[in-house]
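This report describes a single protein chain for a reader who has its sequence and coordinates at hand.

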Amino acid sequence: MTVHSPASPRLPVRYSWETRWLHWLTAVLVIEQFAVGQVGWHLLDHGLPLRAFLVTTHTSLGVVLAAVFVTRIAWGLTGGRAIRFPVITFQERVARSMHRVLYLLLGGEIIFGYMARWSAGRPVMAFGVPINSPFPVLIRGTHSFFAWLHHWNAWLLVVVVLLHAGAALYHLCVHRDRIFQRMLP
């Protein structure tokens, strides 16, 4: 059950537990994917067993992230039990735009990751189960292109995530308008 604010009986104080769960699961997976991706691909030598483990972890949890992302999209499109706050002020418009940018970057990151694997002729492995490419053999050079997009989009996603977290902390510490508390687990 969602608790309503005494000051405004029509606006709930917190998002539903499902919405909050999807938000924090996405946040943890995005942080994990970035950290494991950077260490596994850029800091470890190719022959190390730890690197192979991190690559497997990255692809497997990337499939989990994709499933969570699709669930979030479906949850949002069907209305779920989401709070529908009116978008009136400039700040609210910026916040709504930033959320859309986060969704676009995350969706792109997932697609680029799949395409990077498939364009190299490798399946996406999810906990040992291969997800083969639905596309015929891709043109030479596409692997480098998709790997480049996946890498730099990840960095852009992290920058926008940090801006998002900074905005949340601004609401908590400076503005003190209880926006931050809406999404607390």
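The phi angle of Arg176 is near 50°, a positive value in a residue other than glycine. With a relative accessible area of 66%, Arg176 is classed as exposed; the classes are buried (under 20% relative accessible area), exposed (over 50%) and partly exposed (in between), with a 1.4 Å probe and protein chains only.

Phe127 also has a positive phi in a residue other than glycine, near 55°. Phe127 belongs to the loop between strand S1 (124–126) and strand S2 (129–131). Its relative accessible area of 58% makes Phe127 exposed.

## Basis of the model and overall fold

The model is predicted: local features need pLDDT of at least 70 and side-chain atom pairs count only at pLDDT 80 or more, whereas totals for chains, interfaces and linings use all residues. Residues are numbered from 1 along each chain as its sequence is written, and side-chain values use heavy atoms, with hydrogens and water left out.

The protein contains 4 helices and 2 strands. Read from the N terminus, the order of these elements is α-α-α-β-β-α. Of the 185 residues in the protein, 36% are buried.

## The second largest pocket

The second largest pocket holds about 600 Å³ of space. A pocket is defined on a 1 Å grid over the protein atoms alone as an open set of points where a 1.4 Å probe fits, with protein on both sides within 12 Å along at least five of seven lines; lining residues have an atom within 4 Å of a point. Grid points are joined across faces, edges and corners, and the volume is the space filled by probe spheres set on the points.

Which residues lie nearest the centre of this pocket? They are Trp41, His58, Glu109, Gly113 and His150, from a lining of 28 residues. At least two lining residues come from each of helix H1 (17–43), helix H2 (49–77), helix H3 (90–119) and helix H4 (142–175). The lining comprises 14 nonpolar, 11 polar and 3 charged residues; Ala, Val, Leu, Ile, Met, Phe, Trp, Tyr, Cys and Pro count as nonpolar, Asp, Glu, Lys and Arg as charged, and the others, Gly among them, as polar.

## A nonpolar surface patch

Leu48, Leu50 and Phe53 form a nonpolar patch on the surface, and their accessible area together is about 300 Å². Areas come from the Shrake-Rupley method with a 1.4 Å probe, and for residues only the protein chains shown count as cover.

Leu48 is placed in the loop between H1 and H2. Its relative accessibility of 37% puts Leu48 in the partly exposed class.

Helix H3 contains Gly108, which counts as buried at 14% relative accessibility. Gly108 and Leu149 are 41 residues apart in sequence, with a C-alpha to C-alpha distance of 8.8 Å. Ala95 is likewise in helix H3 and is partly exposed at 34% relative accessibility. A C-alpha separation of 8.8 Å holds between Ala95 and Ala167, which are 72 residues apart along the chain.

Ala27 lies in helix H1 and is partly exposed, with a relative accessible area of 23%. The C-alpha atoms of Ala27 and Val161 are 8.6 Å apart, although 134 residues separate the two in sequence.

Notes:
Patches are made of residues with over 30% relative accessible area and no salt bridge: like charges are joined within 9 Å, nonpolar side chains (Val, Leu, Ile, Met, Phe, Trp, Tyr) within 5 Å. A salt bridge is a side-chain nitrogen of Lys or Arg within 4 Å of a carboxyl oxygen of Asp or Glu.
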